[in-house]
Amino acid sequence: MNCPMIQSKSNTAKKLIDIAIKEVKEDERKKINLIWLEATGCAGNIISLLNAERPDVTYLLKEMVSLKYDNSIMVLEGQAAFQQFIDTLETEYILVVEGAVSIKDNGKYSVIAYYNGKPVTAMEAVRMAGEKAKYVIAVGTCASFGGISSAYPNPSQSISVVDFLNREVIRVPGCPGHPDWVIGTIAHLLAFGKPVLDEKNRPVMFYGITVHDRCTRRSYFDQGIFANKLGDPQCMFLLGCDGPVTKADCPVRQWNGYVNWPIEDNTPCIGCAQENFPDGMEPFVKY
Amino acid sequence: MGNKIIMNPVTRISGFLEIQVEVEENKIIDAKCGGMLFRGFEKMLKGRPPLDAVYFTQRICGICSTAHSIGSTSALEDVLDIIPNDNDKMIRDFIHGCEIIQNHLRHYYQYSLPDYVKGVELQLTQIEMHNDYRLPENLNKELANHYLDSFRYGRLAHEMLTVLGGKAPHNHGVFVGGVTVNLDASKWIKVKSTLAEIKDFVENVMIPDVYVISEYYSDYFENGVGYRNLMTYGLFDNYKEKQLFFVEPQVFIDGEVYVLDSDKITENIQKAWFEANQIVQKPTELTVEENANKEGAYSWIKAPRYDGYVMEVGPLARMILSGNYKRGISTMDRLIARVLETKKIIEIMEQFLERMKFEPANQRIYEFPYSVKGKGLADTSRGALGHWIYVQDQEIYNYEIITPSAWNLSPEDSKGLKGAAEKALIGTTIKDMAYPVEIGRIIRSFDPCISCATHVESDRFAPMDIRIV
């Protein structure tokens, strides 16, 4: 015969553990979920994100967000991976999209999963996740403005996430997006809500100035001293530099451990963070 | 009764890949690799300024953009009849080496290791995918920690690339004529010290780690073999000095080594979503149109062939053909060769550093002949990359690219020959049909880059008199 008292006692420890696990899980739940969706692009923005430091990607994923889906680094594969995408749609989450949205033939030019017997296009996935997300961030120039994926004659009929979704989308352009721009935007969303955005929905803290405004070669421009060819140390305006029209803080932030940036490498800014990149920014190098 | 398995997404690769296999009595009897992304870069390139190809084609790929800067720059130098001086060549090859190190680190730790090591600490990757994790707990924990440590070294490899190339991904410093950086002692010592730090990790952590994996998963020396045909376009092969040399262009077919003849390269669109007058075409004569509804097709990747043969390209091919690796060809050999190659590349980069001079970049103003064709063939992280360009009246008239992952992940051709990775899958025994973990392990050993493999679409190539340089 079972004594209910003994049974209850032997279950006490288990109950406490269950409560503790639940609390840990709830604590875990306080971190907002993140879906990083690679659409029609080169997957260069996730690669750029992995170059982040202080905070690095480990800090981002341990302390800031709970990454539920990303094609490049998630462990799960196949339907189990995409199931995680589907399950996350029922939670509160931030959606990051990198890559444009190819709408040709109803999205057939970018198929990202095979789920319950059917192919899922990137276009469908952006719509599914975009409708329910707390925030949507378009990372990189393809997601933000169409970018190189939509370059003339736009064979995949790619459009920006902003044009595709009928809702507010924060743009973090750049080819690729600087990891600081991405993590900084997420940090602002977590700590203070939406950052101050400019007329094109870019966070002003990163896109408030043009490359030309703070260019290390600005004094050459002001004095009319220009480079003749790449490799020269002077202003590259006459070689096709797009710094005067490109909004991004590259000159003061710099890239990859803050060690360099294109102009310091004696090459012009090619306007990769700008709306009409690449078609409106060419020739990249003008001789 | 046969079983069909469809795996999509194949995660931990670059781009979108679908694998379909048919299994009978736990053995894979047929396999299809489908590249699922199309952007049409070659169509976009038509009409653009030729020099812009260097920055434009890098955007094909977020993980191996430097490879495309090397391919496009080499093609343009062929067109312009330019040979960079040895100093610029060494700096450029050093930049390329940074990308190879970064790619190999990322592939081995972030993409491959989770197939063999359980529960790395990142929240996303805690999940157990299958029941075939074999490392003892202490070793598993050690390697899971190395997964986290490795982020730093991949990042440092990109930092070196940026010191010399301006930024990464999508560098600016690799350019026609050589490079744009004016090397000085400050930059030189920065990359030299960083390289030493990375080398320490590769020698003392990465290499031992791959031998741990190979010990506990030794059955992976028996699967994923493929055709045993190997090819390289050559890497670090333009120097007189032996210490700077890695591997020269060559092919290995049915046990024999031959000198590479790039005229034997063709592309076959039988099972790719393209239409054309001819199923088999040369990269210089390609005329195709995309058709997502083509009957019987299953991939955006065309099938490149060498003299009709399917070739495997990549680190294992380079290491075998250069005499640096002898054990064999299999899933595990690919992983080991990639890791060992990382050390080999670093050693050659150290030799470059010893010889680099602090000279200004050798840049000049370029003018293009009226009508001219060129090609740039180079081995890159994932293997043989070819860029073919045709410049007319100061514009790109036609551009064609065959990427390493197109060689490895190609679909079946019109002779019924399966692609290299497809062939490597066929014959594999799947231990547990509920967790067909073998498929992902074999496919990832090729380090697929689908963004690259499916970049393309060419336009009509009108017949005319052409000067070939």
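In this predicted model, A:Cys175 counts as buried, because its relative accessibility is 9%, under the 20% limit for that label. A:Cys175 sits in the loop of chain A between strand E9 (170-172) and helix H8 (179-192). Apart from residues within four places in sequence, the contacts of A:Cys175 come from both chains: A:Thr141, A:Cys272 and A:Phe277 on one side of the list, and B:Arg59, B:Lys167 and B:His170 on the other.

A:Cys142 belongs to helix H6 (residues 141-145) of chain A. Once neighbours within four places in sequence are set aside, A:Cys142 is in contact with residues including A:Thr40, A:Gly99, A:Ile159 and B:Arg39.

Attention now turns to the nonpolar cores. The largest one holds 215 residues, and those touching the most other members are A:Phe85, A:Val161, B:Phe94, B:Ile101, B:Ile198, B:Ile213 and B:Phe352. Helix H5 (residues 137-165) of chain B supplies the largest share of this core, 13 residues. From chain A, domain 2 (31-206) and domain 3 (209-287) each contribute at least three residues. B:Phe352 touches B:Met90, B:Asp93, B:Phe94, B:Phe236, B:Tyr239 and B:Leu244, leaving out residues up to four places away in sequence. A second, separate core has 37 residues, among them B:Leu17, B:Met231, B:Ile402 and B:Ile450.

Notes. Residues numbered from 1 in each chain as written. Chains lettered and ligands numbered in written order. Predicted model: local features only at pLDDT ≥ 70, side-chain atom pairs only at ≥ 80, totals over all residues. Heavy atoms only, no water. Helix = DSSP H or I, 4+ residues; strand = E, 2+ residues; numbered from the N terminus. Contact = heavy atoms within 4.5 Å. Buried < 20%, exposed > 50% of the residue type's maximum accessible area, 1.4 Å probe, protein only. Core = buried A, V, L, I, M, F, W, Y, C linked by side-chain atoms within 4.5 Å. Domains from an automatic or database assignment.
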